[in-house]
Amino acid sequence: MNKKLNPGYSPVAFDATACGPLTGVRVIDVSRLVAGNMLSLQLADFGADVIKVEPPGGDPLRHWQNGGESLHWKTYGRNKRSVMLNVRQLADKGILENLIEKADVFIENYRPGTLEKMGLTPDVLLARNPDLIIVRISGFGQTGPYAKLPGFGTLVEAMSGFAARTGFPDREPVLPPLALADMIAGLYGVSAVTMALLARQQGQARGQVIDLSLLESIFSVLGPEAAIYNTTGAVKERIGSASNTTAPRNVYACADGKYVALSGSTQGVAQRIFQTIGRDDMNHDPRFMSNTDRVHNRSLVDEALGAWFIQHSRSEALSIMRSAGATVGPVYDIADAAEDRHFLERGVFIDVEDKDLGSVAMHNIVPRFSGTPGIWRRPAPRLGEHTEEVLREAGIAEELIQSVLAYGGAA
């Protein structure tokens, strides 16, 4: 079933002539799976010419399927072109080098040392293209004792301390159910590339190497974890959906079996919440008068709030709380979001044209620019769809083009 999530709206049509703020920037992306694809997706969404160089089997992301369809690839491959090369072969490696020489950005996520074994060290690449920005994505960075270890996001989500903070204290640590470390690293990579492009434009540097570690990226979002441990010696425990920092903050069950999330991170909001549930006495109780007091007595805060929410349906609770100026929201799954007017009217997800399914829903381009918005230039390509086109643009010799196409370089 191909469910249309935006009834009444026509699917977005792709426009191969569309331009964005990064139009003219050429990116060669040889990465696989999520982090590199997230990085190059953002660049492509805003106009960069992203050329995915894929091995004969394609980017493994193509093989993550749901309902027999490569929906991950359709989402993260949009606005890109695909070239199929077997860079283990000398001739194809030479073609890759040619493409890199004419590029602005080169993205790779081989295990550290692999690029060196191929004779494509950063020094070699920068000697051929002094303006090249090289993004090296890895699990643990290009240096250090763990540099050569496999670097899937799962490992760094565990080693960073993220999993140790997630879940309930009487149960095992919980890993995120999605490629969170990869996504965070990909977004850091976008920022890094645009800063490097700006530095190049301003004459502060020409080409340079960006060492992008999944471990360091996800560790950074844990906030002042290192400072807290260094200063107090405390290791924060898992506390489910509560917070070690503020109270009230948790997920609460309602009378209809649905859930809401609530946060009272400021003094005024916390006071309004207690007033709304008929417990203004808590605003005058020394156990709850300050945020620090409430954190220390979190279980009592949750007990009072839980007793109130369980007497109301989710819609009733939301209406009462919002009317009182409390910060509360429903806990949604994708089916809930698909029915929410805000998601629909804002176009948080939209339907786009798709040659296989007619249309396919995916997240919209983020963020929204008033003057230079993102673009919908092309759907995710078939493996090797643009091999001939890209190689001709690069001036590759005809016999080399034909040799690539002979073994299936074009789908």
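1. The model is a predicted one.

2. Leu 149 sits in the loop that runs between strand 5 (133-138) and helix 6 (153-159). The relative accessible area of Leu 149 is 41%, so this residue counts as partly exposed.

3. Helix 11 spans residues 267-276, and its buried residues are Val 269, Ala 270, Ile 273, Phe 274 and Thr 276. Because these residues cover an arc of only 160 degrees around the axis, they lie on the same side of helix 11.

4. After helix 11 comes Gly 278, which has a positive phi, near 75 degrees.

5. Another glycine to look at is Gly 167, in the loop between helix 7 (162-165) and helix 8 (180-201). Is Gly 167 buried or exposed? With a relative accessible area of 12%, Gly 167 is buried, since buried means under 20%.

6. The surroundings of Gly 167 include residues from elsewhere in the sequence. Apart from neighbours within four places in sequence, Gly 167 is in contact with Val 174, Arg 238, Ile 239 and Gly 240. For Ile 239, the separation from Gly 167 is 72 residues in sequence, while the C-alpha to C-alpha distance is 6.6 Å.

Terms used. Residues numbered from 1 in each chain as written. Predicted model: local features only at pLDDT ≥ 70, side-chain atom pairs only at ≥ 80, totals over all residues. Heavy atoms only, no water. Buried < 20%, exposed > 50% of the residue type's maximum accessible area, 1.4 Å probe, protein only. Helix = DSSP H or I, 4+ residues; strand = E, 2+ residues; numbered from the N terminus. Arc of directions from axis to C-beta. Contact = heavy atoms within 4.5 Å.
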